[in-house]
There are 2 protein chains.
Amino acid sequence: MKKEDLLATQERIAPYIHRTPVLTSRLLNEIAGADLYFKCENFQRMGAFKMRGAMNAVLQLSEEQKARGVVTHSSGNFAQALALAAQSIGVKAYIVMPENAPQVKKDAVKGYGGQIVECASTPIAREEVAEQVQKETGAYFIHPSNDREVILGQGTAALELLEDQPELTYIFSPVGGGGLIGGTALAAHYFERNCKVIGGEPFEADDAYRSLLSGQIESNDSTNTLADGLRTQLGDINFPIIQQYVDKIIRVEETEITSAMRLIWERMKIIVEPSSAVALAALLREKEEFAGQKIGVILSGGNIDVSKLPF
Amino acid sequence: MKKEDLLATQERIAPYIHRTPVLTSRLLNEIAGADLYFKCENFQRMGAFKMRGAMNAVLQLSEEQKARGVVTHSSGNFAQALALAAQSIGVKAYIVMPENAPQVKKDAVKGYGGQIVECASTPIAREEVAEQVQKETGAYFIHPSNDREVILGQGTAALELLEDQPELTYIFSPVGGGGLIGGTALAAHYFERNCKVIGGEPFEADDAYRSLLSGQIESNDSTNTLADGLRTQLGDINFPIIQQYVDKIIRVEETEITSAMRLIWERMKIIVEPSSAVALAALLREKEEFAGQKIGVILSGGNIDVSKLPF
């Protein structure tokens, strides 16, 4: 994936996404001891950066593929993103979701015109059902994070951030499946000479941290974290990018995620989901190292059930 | 209060306040059936429009008055606003607060350098204690809403909104003490030929609605509303402005306030306090009348205890 691919992606998806604002907060700068620039993907269409990757993927389908539709498996933001992206260009989207997924998420997917296909609540079941949908309908499978076009799409958030705020010395991103941090690392590599990318990951789902240590993809035995967007597994397309271009991954405790989320809510008056707060939590955990720097923080999304908060 | 006064106020306070953004939401436009422009005073310094009026008031003190300090009584946003405004120019602020005010609010006032003077939790007690502080210290009393300079300061939010979005046909504002809607009405009157101002007020504290009907200032027997910023009493400086320049006041139920607040939180991903949601709730209650219009909505503030939400 080259510099030109990122630029082409940015141009391709621009008409279909929001160019989200970059916000600052004097109070959070004081707390961090650094200058923070928050890229607000919580204000993105459907409420998360996932719209970027989904849009980039569907825009590159052939006419034949478009006629057959797309399929993915996700109980999270990518489900809504692919449904909305496909709807935006008149393509059918089949979304494989666990039968026990929250009704509010199913409703959101339906609201964006997605067709839900229910499956049992296991990783194997959802892959099997997605394959079955592919076979029956001819729909094109798009993985939520481990996909070239998805990674390039997610990288456009950091690309915009660097356009608005050049000379960042660090960008912090949460790490889940690896699409966002992978794309972010590519953007930083190609567009800002001295910008390092740091990942934030919950201790409770630290597959990427352990994978970097061991040099091979590790998996999570359990994923008991509030940061529901980060419970997913690192993929084989993302991993080499992360190995090559990510400086390090900082793990955080659940209480640190809650505190960082509350700080953002109370100080910045914006709603972010727990996964977004992981990036700030990682920065605050090791803030001495980053004192005085000019730092980008990607706030990945704002989809949370406001009647079920951790505080 | 003339056009020139508003312009002078805007220039005076500009270095001390944020020019807050105007946000839009496709989904809320669909729900309302109109084009909505939200003036986000929840992103204002200390989290509410009150900063504008407080700043304007302290900036016009004489050197002698500055030396003696300022005093107000408030358990809400004006307490923080006056503390921060005074601190911004090195003036002492005495804030009379009920002894049972939430600790989080007392801490915020202290954080902005305000000196808290506790009083019993009645309207009479707080006025008496404020008078006593005046006598003992020589501090200059600034009322939270019924004050010429405060009204002019609050009017700059609508002035900025109209600069960013000319040709609004309506602006909706919540109605509490009347400072915000009074200033808004002046700004609309002077700066947009065909812009009507509509107030939103809870049924549970509808003194302004009843005052407009009777032609004299009415008071609230009780103020049992979620919208804590709107529990205050209309004043005799605001009332004639509202009589002259406000088109009408729409009252809303508590459930409508909660629903409107939740809409803003979930759809716009921003945190507003219940008082802010009253303006949108009023619009939605009578949306047929405003269909297709270009409408400004003032989101007055974002100070809320996120661990005690109504949903």
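Leu82(B) is found in helix H5 (residues 77-88) of chain B, helices (H or I, at least four residues) and strands (E, at least two) being DSSP runs numbered from the N terminus. The model is predicted: local features need pLDDT of at least 70, side-chain atom pairs count only at pLDDT 80 or more, and totals for chains, interfaces and linings use all residues. Residues are numbered from 1 along each chain as its sequence is written, chains are lettered from A and ligands numbered from 1 in the order in which they are written, and side-chain values use heavy atoms, with hydrogens and water left out.

With a relative accessible area of 0%, Leu82(B) is buried (under 20% relative accessible area; exposed is over 50% and partly exposed in between, with a 1.4 Å probe and protein chains only). Not counting residues up to four places away in sequence, Leu82(B) touches Ala54(B), Val58(B), Val70(B), Val71(B), Thr72(B), Ala93(B), Ile95(B) and Ile142(B), contact meaning heavy atoms within 4.5 Å.

Chain B and chain A bury about 1600 Å² between them, 60% of it on carbon and sulfur atoms; buried area is the accessible area (1.4 Å probe) that two parts lose on being put together, summed over both. Lys269(B), Ile271(B) and Val306(B) supply 38% of the area that chain B buries against chain A, more than any other three residues. The contact takes 20 residues from chain B and 20 residues from chain A. Two salt bridges are found across this interface, a salt bridge being a side-chain nitrogen of Lys or Arg within 4 Å of a carboxyl oxygen of Asp or Glu. Arg262(B) and Asp305(A) meet in a salt bridge with an N to O distance of 3.7 Å.

Over all chains, the structure holds 37 salt bridges. In one of them, the closest N and O atoms of Arg19(A) and Asp164(A) are 2.9 Å apart. This pair links distant parts of the chain, 145 residues apart: Arg19(A) lies in the loop between helix H1 (3-13) and strand E1 (22-23) of chain A, and Asp164(A) in helix H8 (residues 148-164) of chain A. Arg19(A) is partly exposed at 46% relative accessibility, as is Asp164(A) at 35%.

In chain B, Lys248(B) forms a salt bridge with Glu289(B), the closest N and O atoms being 2.8 Å apart. Lys248(B) is in strand E9 of chain B and Glu289(B) in helix H14 of chain B, 41 residues apart. The side chains of Glu286(B) and Lys248(B) also meet in a salt bridge (2.8 Å, N to O).
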